[in-house]
Number of protein chains: 2
Amino acid sequence: MAGFGDRVIERTRALGHPLCVGLDPYLDRIPSLFRRGPMQPQHPDTAQAIEEFCCRVIDLIAPDVAVVKPQVSLFERLGWRGWQSLERVIRYARAAGLLVLLDAKRGDIAETATAYAQAYLSGDSSCGVDAITVNPYLGPESLAPFMIEAERAARGVVVLVRNSNLDSSIYQSVSTAAGPFFAVVAASLAKWQDRLAGEMTGWSSLGVTVAATHSEDTERIRRALPHALFLVLGYGAQGASACEAVHGFRRGPAGLEGGIVSSSRPILFPTTFSDVGAGNWEKEVRGALVRTTDELGAAVA
Amino acid sequence: MAGFGDRVIERTRALGHPLCVGLDPYLDRIPSLFRRGPMQPQHPDTAQAIEEFCCRVIDLIAPDVAVVKPQVSLFERLGWRGWQSLERVIRYARAAGLLVLLDAKRGDIAETATAYAQAYLSGDSSCGVDAITVNPYLGPESLAPFMIEAERAARGVVVLVRNSNLDSSIYQSVSTAAGPFFAVVAASLAKWQDRLAGEMTGWSSLGVTVAATHSEDTERIRRALPHALFLVLGYGAQGASACEAVHGFRRGPAGLEGGIVSSSRPILFPTTFSDVGAGNWEKEVRGALVRTTDELGAAVA
């Protein structure tokens, strides 16, 4: 069975662009056509509204996108009903042929990390996804349960290494003898990159976050992890261009390749008005999607 | 309303010991009297079994303990039914007079972190707890939504700073110009310590993790954060003694104070056999609890 890295690269090659759409159902931005009542987090209608919103987005983007990235916190905010909706959205997306990268940013030690790994990466789980984002703060071995489960089940793991929010530099770029702190993290992942190597495309099922806004850092991470999949953050909303977003990519058979570029709000919420009609909202989402995939497609061509 | 720090310290003063019991319902260790069938993660009975186990533990410890710390991953493993059980366990613990510190290790940026903060620290949430553990890797400002919500609702935030698992040192103790990496994190939290200052006991509702196994690191963190509440890890199972566990505490009106000391498995699973009868299991849990509180009580006396 092809690993996550292989599946991502084969699909993005076929589509001609590396866009990954973030499924971020911010309660206050959900268009009025999906809203029910005051959207109180504890009300059952609210979870249903965000579920319908996400599924409709999936309908609109599935033919043209490789990966969706649901943001767990926005479902978790709604309690167990939010989890029920998240599980349904995950299944809906996978049934539509999308790869699901769950933006969970989990991280814990030993048996506890194993529970998270099994919840998301094992075959028997109701929240099973293709890959998950994880946080390395507890040490390289705290990531092992995720890597082992990913290897076993042909799934992927994306480690937070370099983020694009402004103040992440305050910790991630602290100088150490081995370079900035994030480089220490990146270097320690080389063994997992190799263990999760892709047999078909050469791209690993180990992913790492890189910031489109910090090209030099991206180059450094690429040198440390030549075959890791990049989850590129900071494109669009945070000001980076499409060319900056694919800075760490390499020439492949169908253009530049080596990762996915995340965009969420510009596609999900293309207008600042939430009281847009159904037809108009769909048209605007499709329009934003086409503009974005065209722009990223040109950057990798 | 008294802050989390004040409530913890007042209660631990009254009890005479700083024990915090971790609620870690590991599926394979749940005693046979709670088990139903093969404990498959997706089976509804499984979530109910861990819920009953946790509630019975709460019954047994509530009169003698200040804080319980449910480990989210072990509930999340069971999907939305696990979350439903977690919400009930949280409410059960709070109704029994316990403070609930949710071991969620969440961390994200901006609006996303706000969703997590609201899910756990706001008044309107079905998962509302007294405090939550958070991961700082995304930068000091990624913690702001948790701190702001904690301040507003008189709750607490415990930041992962120094952990006790062996290889956490590989990242957390990397040398920087400002000392080990964890010291950079600790120093950046001083403003939150002050903003969440306790008006009654002087102890902040900002907490940080420290490792009982690394006394020098604990001293360094105490110097950086003189009023922060310590969540002490590594006592018991990981080999640290009770005296080592309270190393960063200070003399108060009723003995050494300044944090809570976590212990989970030695209390929840006092025997290695899961097929112990109900009466015996309860007796052994109570026995383990009394031994632990006696030991910690002697260390702070």
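Where in chain A is Asn165(A) found? In this predicted model, the residue sits in the loop that runs between β5 (156–159) and α7 (169–172) of chain A. Asn165(A) counts as buried because its relative accessible area is 12%, below the 20% cut-off for that class. Leaving aside residues up to four places away in sequence, Asn165(A) touches Gln238(A) in its own chain as well as Ile109(B) and Leu138(B) of chain B.

As for the confidence of the prediction, chain A has a mean pLDDT of 95, with 98% of its residues at 70 or more. For the complex, the predictor gives an ipTM of 0.96 and a pTM of 0.97.

The interface between the chains comes next. The size of an interface is often given as the accessible area lost when the parts come together. Here, chain A and chain B bury about 5,200 Å² between them, and 55% of this lies on carbon and sulfur atoms. On the chain B side, the residues that lose the most area to chain A are Arg77(B), Tyr137(B) and Tyr171(B), which together account for 19% of what that side buries. The contact draws on 62 residues from chain A and 62 residues from chain B.

Within chain A, helix α6 (residues 144–153) is largely enclosed by the rest of the structure, because 7 of its 10 residues are buried. These buried residues are Ala144(A), Pro145(A), Phe146(A), Met147(A), Glu149(A), Ala150(A) and Ala153(A). They pack against several elements of chain A, namely the strands β3 (99–106), β4 (131–134), β5 and β8 (206–211), together with the helices α5 (110–121) and α9 (190–195). Just after α6(A), the backbone at Ala154(A) takes a positive phi of about 55°.

Helix α5 (residues 110–121) of chain B packs on helix α6 (residues 144–153) of chain B at an angle of about 35°, and their axes are 8 Å apart. The crossing of α5(B) and α6(B) is right-handed. From α5(B), the contact takes Ala110(B), Ala113(B), Thr114(B), Tyr116(B), Ala117(B), Gln118(B) and Leu121(B), while α6(B) supplies Pro145(B), Phe146(B), Glu149(B), Ala150(B) and Ala153(B). Sorted by class, this contact of α5(B) with α6(B) has 9 nonpolar, 2 polar and 1 charged residues.

Conventions. Residues are numbered from 1 along each chain as its sequence is written. Chains are lettered from A and ligands numbered from 1 in the order in which they are written. This is a predicted model: local features need pLDDT of at least 70, side-chain atom pairs count only at pLDDT 80 or more; totals for chains, interfaces and linings use all residues. Side-chain values use heavy atoms; hydrogens and water are left out. pLDDT is the predictor's confidence in each residue, from 0 to 100. Axes are lines fitted to C-alpha atoms, for helices over the stretch in contact, and angles run from 0 to 180 degrees between N-to-C directions. Helices (H or I, at least four residues) and strands (E, at least two) are DSSP runs, numbered from the N terminus. A crossing is left-handed if the near helix is turned anticlockwise from the far one by less than a right angle, and right-handed if clockwise. Contact means heavy atoms within 4.5 Å. Ala, Val, Leu, Ile, Met, Phe, Trp, Tyr, Cys and Pro count as nonpolar, Asp, Glu, Lys and Arg as charged, and the others, Gly among them, as polar. Buried means under 20% relative accessible area, exposed over 50%, partly exposed in between (1.4 Å probe, protein chains only). Buried area is the accessible area (1.4 Å probe) that two parts lose on being put together, summed over both.
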